[in-house]
There are 2 protein chains.
Amino acid sequence: MTAPLPAVGESPESLVRHLAEAGRAAQRVLARLDSPAKARALHAAAAALREAEAAILAANVRDVAAGEARGLSGAMLDRLRLDAGRLAGIADAVDQVADLADPVGAVIDESTRPNGMTLARVRVPIGLIGIVYESRPNVTADAAALCLRSGNAALLRGGSEAVHSNRAIHAALVLGLEAEGIPAAAIQLVPTQDREVVGAMLTAAGLIDMIVPRGGKSLVARVQADARVPVLAHLDGICHTYIHAAAAPDKAAAIALNAKMRRTGICGAMETLLLDAQFPASQAVVAGLLDAGCELRGDARACALDARIVPAAANDWDTEYLDAILSVAVVDGIDAALDHIARHSSHHTDAIVTEDAATAERFLTEVDSAIVMHNASTQFADGGEFGLGAEIGIATGRLHARGPVALEGLTTYKWQVRGSGQTRP
Amino acid sequence: MTAPLPAVGESPESLVRHLAEAGRAAQRVLARLDSPAKARALHAAAAALREAEAAILAANVRDVAAGEARGLSGAMLDRLRLDAGRLAGIADAVDQVADLADPVGAVIDESTRPNGMTLARVRVPIGLIGIVYESRPNVTADAAALCLRSGNAALLRGGSEAVHSNRAIHAALVLGLEAEGIPAAAIQLVPTQDREVVGAMLTAAGLIDMIVPRGGKSLVARVQADARVPVLAHLDGICHTYIHAAAAPDKAAAIALNAKMRRTGICGAMETLLLDAQFPASQAVVAGLLDAGCELRGDARACALDARIVPAAANDWDTEYLDAILSVAVVDGIDAALDHIARHSSHHTDAIVTEDAATAERFLTEVDSAIVMHNASTQFADGGEFGLGAEIGIATGRLHARGPVALEGLTTYKWQVRGSGQTRP
């Protein structure tokens, strides 16, 4: 069972149908495998990645050279570039996913009815997951491993910049999987870079069960706008930290600095700081950020805290900078903070710093975001930091899975009913 | 806070936006209520329904008279008609939902990270639920009660046939809720029967969090085709019962008869019977169904079992009869049964009858349906029968909630992180 090649002149819809049907057939094989069999297959795939090092790095050299010729930015070339160390990291990550606990078959809950029937909700794979991503070739292995560990088939569509790298990584993965008896169509790479195939994937309801976009905001926005298949994603990470009047000044300064400046380009980075008007150490908090090289854009009361703060424009409160820039507002108490967050949060991660337990609990209860934090840096918003072992993404939608999503979020459940001849009265 | 009236000439999109914004604001109030407060409000709503009996029944008389004048079928008029007993049943059902355990605030799981942060996944309401339904006025109260018990606001859009009944029921509900301090916009009834408003609801992503269609197949198909908001529904209930070679003949006959004939019009009714070629008592099973007045449409081998069985056409295997009609095939063993079900099931409910435990477990594991059963009638596919106390619907989608959906399926979760000043290294 191998992935079909596109026929000459085949339409994008027809190609996606053929790929999806092959993937779904392979998924039925995966669904029957026990946990050790899936782990063995992933360890074999990791070993195959290491054995294919020369081929993968050679393919990557072609992609990087083409990217340089096309004038890709330094940041894009860095995301694209592999070396022996990075490839070893990719293989190690596949080994780590192989060793994660398998959620499939776990019993969520059980009950016995008065008539003696037993009911159990049991975790099962979702089915066929479509992954649409950009220039990071590591996604090819990461996403494939998470899908396979949870019994799902994957249909991968990577960016054109990484086409040779992705093909080489995919070929190695499949070699390892097939050696352990897994059908090649369990992990398929779309065999063309035709952009219309992405559109056909997004509308393949009934064929693809879920789409996970991995990449920048424009990719996610396009996927969310066009998809008829459910999408697991976040568009923005407009994360807030609210320093309450009863915050410990040292904690507040350290958390604010870390939440913004540890890495400014990740989705869990703070983008807006809310300082309570009654918090006595706001000047020290903003000075710490300014001294670290962060540009601060404030409302009128924030600007009064430090001459280096520039006035914020109205759209600053809705902007994900992903850079050393921060909007800062002074608010009057928890109600004003909750109101600001309700209006401007992207429902990703929002935090409060306070020593007042009741106010903290109110914040954790009332802020309607996937992740709410007390006295911690928003930069912890990450599947690894949450102990999930990995993540396929962070979701800000309201259904199915929210926040960091790893193996459990790649499963659904079925009801198993065991009777002894019961009929319904 | 009351539901806005549509301005003259207001577009459907603008009306839905205004209704949704009012509903979302009211939902933030609901999200802060504790379980007893929500229960009190629903008991007050149930009492208000009883007090408004005269007004509701008078409104219903108008709807039924209009329906008769329009020539509605007897079945439709029966779904529409209320009397004192049916209305009492509607009020009782609201009281019962009030007494169900509140899922909001339940902790799904907790962990402590090595750095001392604690993580808890806590159930929260989904937000604003849109309910699109047809001629049954009881849905107005049922759906509203389930949404409110789980902390969600509801935007109800009932069928034109029941418009006066729905308005009277809605007015009584809101009177009861407001007496307990719940904002009226927590449960809104769309104040116009303009069909374009349904389209605007289905595409109101970001304003309405989930749509639940309640009605016939054409309604569900339209909602699934047009919606950009996630939909909780099932389109078909093409439920199978497979009688394995090792089935106990008496159980097989009783389960088959009950699964088809107890009520033929419900989604959990069996539509296809698969008889193993090695099962020795197939003639008795089909005779029981035929004697009970069921039309049987069989493949060639099934037709040979009884002269009263007529030949099935190809599309019979994909037809939900919702009537005293059944398609019957003879299959060679569990693999052929699994293959037939994989090709024709609507993934609602499928059952096996056998005394062989290993074969039963294989069926329960490999059949990819929301509900899989061993030695029980598919007619048990129901939230009440599953001990959920009620149901907002049965879902055959793969994400979020599957099978009978009650209060838990109307919640999502957030991650609450409690720290003591942690910053990410």
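## Cavities

On a 1 Å grid over the protein atoms alone, a cavity is a set of points where a 1.4 Å probe fits but cannot get out, and lining residues are those with an atom within 4 Å of a point.

The largest cavity is lined by residues of chain B, namely Gly158(B), Gly159(B), Val163(B), Asn166(B), Arg167(B), Leu189(B), Val190(B) and Gln193(B). Helix α7 (residues 163-179) of chain B gives the largest share of this lining, with three residues; helices (H or I, at least four residues) and strands (E, at least two) are DSSP runs, numbered from the N terminus.

## Basis of the model

This is a predicted model, in which local features need pLDDT of at least 70 and side-chain atom pairs count only at pLDDT 80 or more, while totals for chains, interfaces and linings use all residues. Residues are numbered from 1 along each chain as its sequence is written, chains are lettered from A and ligands numbered from 1 in the order in which they are written, and side-chain values use heavy atoms, with hydrogens and water left out.

## Domains of chain A

The domain assignment of chain A gives domain 1, made of 12-232 + 405-416, and domain 2, covering 239-385; such bounds come from an automatic or database domain assignment. Taken over C-alpha atoms, the centres of domain 1 of chain A and domain 2 of chain A are separated by 35 Å.

## Cysteines

How many disulfides does a search of the whole structure find over all chains? It finds zero, where a disulfide is defined as a pair of cysteine sulfur atoms within 2.5 Å. For Cys294(A), the closest cysteine sulfur is that of Cys303(A), and because the distance is 14 Å, the two are too far apart for a bond. Cys303(A) is likewise in no disulfide, the nearest cysteine sulfur being that of Cys294(A), 14 Å away.

Cys294(A) is also buried, with a relative accessible area of 4%. Here buried means under 20% relative accessible area, exposed over 50%, and partly exposed in between, with a 1.4 Å probe and protein chains only.

## Buried residues in chain A

Ser165(A) lies in helix α7 (residues 163-179) of chain A and counts as buried, at 0% relative accessibility. Its side chain makes a polar contact with the side chain of Asn60(A), at 3.0 Å; a polar contact is a pair of N or O atoms within 3.5 Å, where within protein one must be able to donate a hydrogen and the other to accept it, and residues adjacent in sequence count only if both atoms are side-chain atoms. Leaving aside neighbours within four places in sequence, Ser165(A) is in contact (heavy atoms within 4.5 Å) with Ala59(A), Asn60(A), Asp63(A) and Pro137(A).

Val124(A) belongs to strand β2 (residues 118-125) of chain A and is buried, with a relative accessible area of 11%. Apart from its neighbours within four places in sequence, Val124(A) is in contact with Val104(A), Thr411(A), Thr412(A), Tyr413(A), Lys414(A) and, from chain B, Arg402(B). The C-alpha atoms of Val124(A) and Glu295(A), which are 171 residues apart along the chain, are separated by 48 Å.

## Buried residues in chain B

Gln188(B), in strand β5 (residues 187-189) of chain B, counts as buried at 0% relative accessibility. A polar atom of the side chain of Gln188(B) lies 2.8 Å from the backbone oxygen of Leu19(B).

Leu275(B) is found in strand β8 (residues 270-276) of chain B, and it too is buried, at 0% relative accessibility. Not counting residues up to four places away in sequence, Leu275(B) touches a set of residues including Ile243(B), Ser282(B), Leu305(B) and Val328(B).

## Positive phi angles

Most residues other than glycine have a negative phi. Leu322(A), although not a glycine, has a positive phi of about 55 degrees; Leu322(A) is placed in the loop between β10 (310-311) and β11 (325-331) of chain A and counts as partly exposed, at 37% relative accessibility.

In chain B, His347(B) has a positive phi near 65 degrees and is a residue other than glycine. His347(B) lies in the loop between α13 (333-344) and β12 (349-353) of chain B, and is partly exposed, with a relative accessible area of 28%.

Terms used
1 Å grid on protein atoms, 1.4 Å probe; cavity = no way out; pocket = protein on both sides within 12 Å on 5 of 7 lines; lining within 4 Å.
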